[in-house]
Amino acid sequence: MKPGARIQAAIEILDTIYSANEPTERLIDFYFRKRRYAGSSDRRAIKDFVYNILRHISRLNWWIKLVDKELEINPRIQIIAELSLIRNLSLLQIQENFNGHNHCPLPLTLREEKLAIDLFGQLINHSDMPSFVALEYPKWLDKSLKTIWPERLTIEMSALNQPAPLDIRVNTLKTTLENVRSSLLKDSINSELMQMSPIGLRLTEKIRLEETKAYKMGWIEVQDEGSQLIALLCDAKPNMDVVDLCAGAGGKTLALAATMGRNKKMAGQLIACDISSYRLNRLIPRKKRAGALGIQIHTIDSKTDDWVHYNSMRNDRILVDAPCTGTGTWRRKPISRIQISPEDLKTKISTQKQILQLASKLIKLGGRIIYSTCSILKEENEDQLNWFVENHNDFQVIPIETVWGETIGGEAPTSLNLRLSPASNRTDGYFCAILEKVR
């Protein structure tokens, strides 16, 4: 594809991303499935173009409005700004790609030409930008984020706007970390040990894992290091009764199956629950590939579900990987920064409380609720934990450092509750708290 055709493809993909409430990766894959003529280098370049816009969207929009307040912002205008500000292309160079020929974008209008001229030679960052523009986060979260990181806001938010690495979890039901690393090397794939997770590897380059022997054999699962740690902190042992209450497609469920040794028949049970049968159905082929036995799947219809009554006060572990704003995954999903709203946060907080209430009915005396989110917001993390403890005096918080020593080993990154972030821990943003029923 010509450079101009790649630009036009990026414009079309961004148009779809802005109008559809679907994951960016899924929309990009769908776009290319209909355009088989695009080679691997074309797809990679176009994808990088799209993500570069999304990671600079607030600053690009700020510059566009500074130059022309009346100009309607759309993907085409954002890309012209990106070419001028970030790639430092002159008007003539941009015009060569915007020529209307061979799937290239239509020629620039006079107004677009002026925009390109005015932005050429400028730096993407400007001292007049408010922090929420310069650091690419919603204005309405300004107070909340500055409360969390009063001294480290720039460092933490900058890291959340960088591309995420590719982490994999070794499926210990089938193999060892050493065997996986050796197998990947035979496929010319380099990896490095993780700083905290003893069952994970970080790949030094982005590749198609599905084509590797390790993936085909069910030896690995794609999973961020932080997510691996949360599964380990559940301390789910063989013959326990364990529930993954918000299992989704079952990434943490499979990790729990590994720590429980569920590659053979045993007492106890592991149940993956969710309100979405569509998400849960994705676990069926995954558990087969992983060699995980005895995982039950249950779609929860309501709090009055008979399953809830049958399973009340009988479980050793309840993992509540709660639905949240996903602010901790912004480096993987930069578009979500402009999609979330204060109303979304309020809805998530309400849902989290309902799920915690349900979990408190399912856990037995001496059992533990592991509450986690992929959010960096205090409102979804510490505030929810405090609310639960204040309203449930039969539970107490178990320090993370205690459980860490029993399950992972070494020194825990935090003492009472687990807080992870890209800048501090090289993971996605995560929160985890452990609650034990004591009476």
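This report describes a sheet, a helix lying across it, and a pair of helices.

## Basis

This is a predicted model: local features need pLDDT of at least 70, side-chain atom pairs count only at pLDDT 80 or more, and totals for chains, interfaces and linings use all residues. Residues are numbered from 1 along each chain as its sequence is written, and side-chain values use heavy atoms, without hydrogens or water.

## The sheet

Four strands form an open sheet in the order S2-S3-S1-S4, with antiparallel pairing. Strand S2 (191–193) and strand S4 (220–222) are at the edges with a single partner strand each, so one side of each has no neighbour in the sheet. The twist averages 35° from one strand to the next. Strands are DSSP runs (E, at least two residues), numbered from the N terminus, as are helices (H or I, at least four). Pairing requires at least two DSSP bridges between two strands.

Strand S1 (residues 166–170) pairs with S4 over three bridges, in the antiparallel sense. Val170 has Ile220 in S4 as its bridge partner.

## The helix across the sheet

Helix H11 (residues 177–186) lies across S1, S2, strand S3 (200–203) and S4. H11 runs at about 20° to S3. Axes are lines fitted to C-alpha atoms, for helices over the stretch in contact; angles run from 0 to 180 degrees between N-to-C directions. Contact means heavy atoms within 4.5 Å.

## Helices H2 and H3

The axes of helix H2 (residues 24–33) and helix H3 (residues 40–55) come within 12 Å and cross at roughly 145°. Thr24, Glu25, Ile28 and Phe32 in H2 meet residues of H3, including Arg43, Ile46 and Leu54.
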